[in-house]
Amino acid sequence: MAAAEPLLPPVARAPPGGVTGRAAAGPGAARAEGAEGLFVVLGAGLAAASHPLLYVKLLVQVGHEPLPPTVGRNVLGRKVLYLPGFFTYARHIVEVDGKRGLFRGLTPRLISSTLSTITRGSVKKAFPLEDMEHVSNKDDVKTSFRKVVEETSHEMMMQCVSRVVSHPLHVISMRCMVQFIGREVKYSGIFSAIGRIFKEEGILGFFIGLVPHILGDVIFLWCCNLLAHFINTYAVDDNFSQALVIRSYTKFVMGIAVSMLTYPFLLVGDLMAVNNCGLRAGLPPYAPAFTSWIHCWRYLSAQGQLFRGSSLLFRRAPMPAASFPID
């Protein structure tokens, strides 16, 4: 899932200061601003580095397959058809648009990432984690569960607020990228894109696809945190020598597993962002004009495509192997 946003460490807080506390607050405030600036830079760098992967993923999500499948063999040695993987697809984009083409739509995505990071930092300052009790190994079952619920609620609040703030730029970025399919230039700049969306779709046009994204984020956070808590509490024995090591990785492993469960929400949200917006990628034969995200979900479910784009390495073509000669 761009699943859920990565949870960044809490931003340092400056100590309270009045007339006598300003000298002490100065270094603390500077460190807080420096830490927040570092998170913004790291987030932007990660977004830029991963953009070609997200770009290819989006084109696969909307169903654009410009290259023919190739014959390969599965683990049982049977012949199957494989669609091009990430590297082959990326090479095709470079052949069409050059190397810079791999970064189509990057600017609005960087702004979206920056807004998300800054918003999370602002929410953390307004509702500091230090004011909450953290889960401890000394807690009883009831107390530890209560703390997990409180921490997850805090994470959910930060994620939802940052998602709402950054979503308009996410929509613009998605539309800029899918213009590759129809070679359009409708969304050629951020300000012109903002004006066009507002003129054609109104304010709600900036929040198309927001609901499935938020639902995916919320389900991901609660499932990941609660599953990790229950496994660490009931499945990992304290007498086991590597108990602490196992518990430290439980949430990470649960995140990978739950991200697959919530992937359809990411897919539906991205498809809704580009659907029926005047671009070829959002019109038949790629997709009908959806009336709601639930309509989109049902359409993909009926087609067996709710996990389209979840893998970019070994993608089997949606047709039986018996449709071509077997040696």
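A crossing of two helices is left-handed if the near helix is turned anticlockwise from the far one by less than a right angle, and right-handed if clockwise. The model is predicted; local features need pLDDT of at least 70, side-chain atom pairs count only at pLDDT 80 or more, and totals for chains, interfaces and linings use all residues. Residues are numbered from 1 along each chain as its sequence is written, and side-chain values use heavy atoms, without hydrogens and water.

**View 1. Packing of helix 4 against helix 6.** Helix 4 (residues 141–182) passes helix 6 (residues 210–235) in a right-handed crossing. Helices here are DSSP runs (H or I, at least four residues), numbered from the N terminus. The angle is about 155 degrees and the axes are 9 Å apart, with axes fitted to C-alpha atoms over the stretch in contact and angles running from 0 to 180 degrees between N-to-C directions. Helix 4 is therefore roughly antiparallel to helix 6 (angle over 145 degrees).

**View 2. M260 in helix 7.** M260 lies within residues 243–261, which form helix 7. With a relative accessible area of 41%, M260 is partly exposed (from 20% to 50%, 1.4 Å probe, protein chains only). Beyond four places in sequence, M260 touches F307 and S310 (heavy atoms within 4.5 Å). The C-alpha atoms of M260 and S310 are 7.9 Å apart, at a sequence separation of 50 residues.

**View 3. Residues 320–327.** pLDDT, the predictor's confidence in each residue from 0 to 100, stays under 50 over residues 320–327. The model has 11 contacts beyond four places in sequence for this stretch.

Technical notes: Helices (H or I, at least four residues) and strands (E, at least two) are DSSP runs, numbered from the N terminus. Angles under 35 degrees count as roughly parallel, over 145 as roughly antiparallel, 65 to 115 as roughly perpendicular and the rest as oblique.
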